[in-house]
Amino acid sequence: MTSPLGTSQMRFRSGAVGPALPTPPTGFAVAAYPTYAQAQEAIEHLAKNDFSIEDVTIVGTDLQMVERVTGRLTAGKLAGAGAASGAWFGLFVGLLMSFYGGTNAGFALIAVSVAIGAVFGAVMGYLGYSVAKGRRDFTSSSQVVARRYDVLCQPRTAEQARNLLARMELGGRV
């Protein structure tokens, strides 16, 4: 697995080793693709043809943040989520109290703790929804994507990479 900061290391004065600072990509653009999957496919094609893929870099350009709406938030959903979260916390507290409390009412103590936690969580979830007053009453997931993915290659092997990828593109159309 590689780090976004790179795999090279740098030494600090104390002798500790840490990641090197990020550097801009270098090399010549040998191909451009609209999706990351296509850029990966190009790298796989180069690897299958015994190309030195250590010289290759995929660079996403023209980044944009995409937020996809996944559903609507309602008071009931937030109260239910709060109740579930509170019940889990109540279970944890109840177990701790039953183990270290020294009473014989272990199951009853756990059940009461779960119930109190669920009620408290439901109330807090509902209050959180009512304070928002209809602003941002939806769920979503966000990700950063690029509009284009350039495949860069070091100058010493750029022409070879360009030729292999051109053959791949021609072979895909035939």
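1. Helices (DSSP runs of H or I, at least four residues) and strands (DSSP runs of E, at least two) are numbered from the N terminus. A helix has an expected span, which is 1.5 Å times one less than its number of residues. Keep both in mind as you read on.

2. A word on the model. It is predicted, so to speak of a local feature we need pLDDT of at least 70, and side-chain atom pairs count only at pLDDT 80 or more, while totals for chains, interfaces and linings use all residues. Residues are numbered from 1 along each chain as its sequence is written, and side-chain values use heavy atoms, with hydrogens and water left out.

3. Now the overall layout. The chain has four helices and five strands, and from the N terminus on they run β-β-β-α-β-α-α-β-α. Of the 174 residues, 24% are buried (under 20% relative accessible area; exposed is over 50%, and partly exposed is in between, with a 1.4 Å probe and protein chains only). Contact means heavy atoms within 4.5 Å. Among contacts with a separation of 6 or more, 77% are between residues 24 or more positions apart.

4. A39, A42, I43 and L46 are its buried residues. Seen down the axis of α1, they fall within an arc of 95°, so they line one face of the helix; the arc is that of the directions from the helix axis to the C-beta atoms. Just after α1, D50 takes a positive phi of about 55°.

5. Next, look at α2 and α3 together. The 26 residues of α2 should span 38 Å at 1.5 Å a residue, and its end C-alpha atoms are 37 Å apart, which agrees. The buried residues of α2 are A75, A79, G82, G86, A87, G90, G94 and S98, and they pack against α3. S113 counts as buried because its relative accessibility is 11%.

6. Helix α2 (residues 75–100) also holds F92, which counts as partly exposed because its relative accessibility is 48%.

7. Finally, the charged pairs. A salt bridge is a side-chain nitrogen of Lys or Arg within 4 Å of a carboxyl oxygen of Asp or Glu, and the whole structure has five. In one of them, R156 meets D55 at 2.8 Å, N to O. This pair links distant parts of the chain, 101 residues apart: R156 is in the loop between β5 (138–153) and α4 (158–173), and D55 is in the loop between α1 and β4 (56–72). Buried or exposed? R156 is exposed, with a relative accessible area of 66%, whereas D55 is buried, with 8%.
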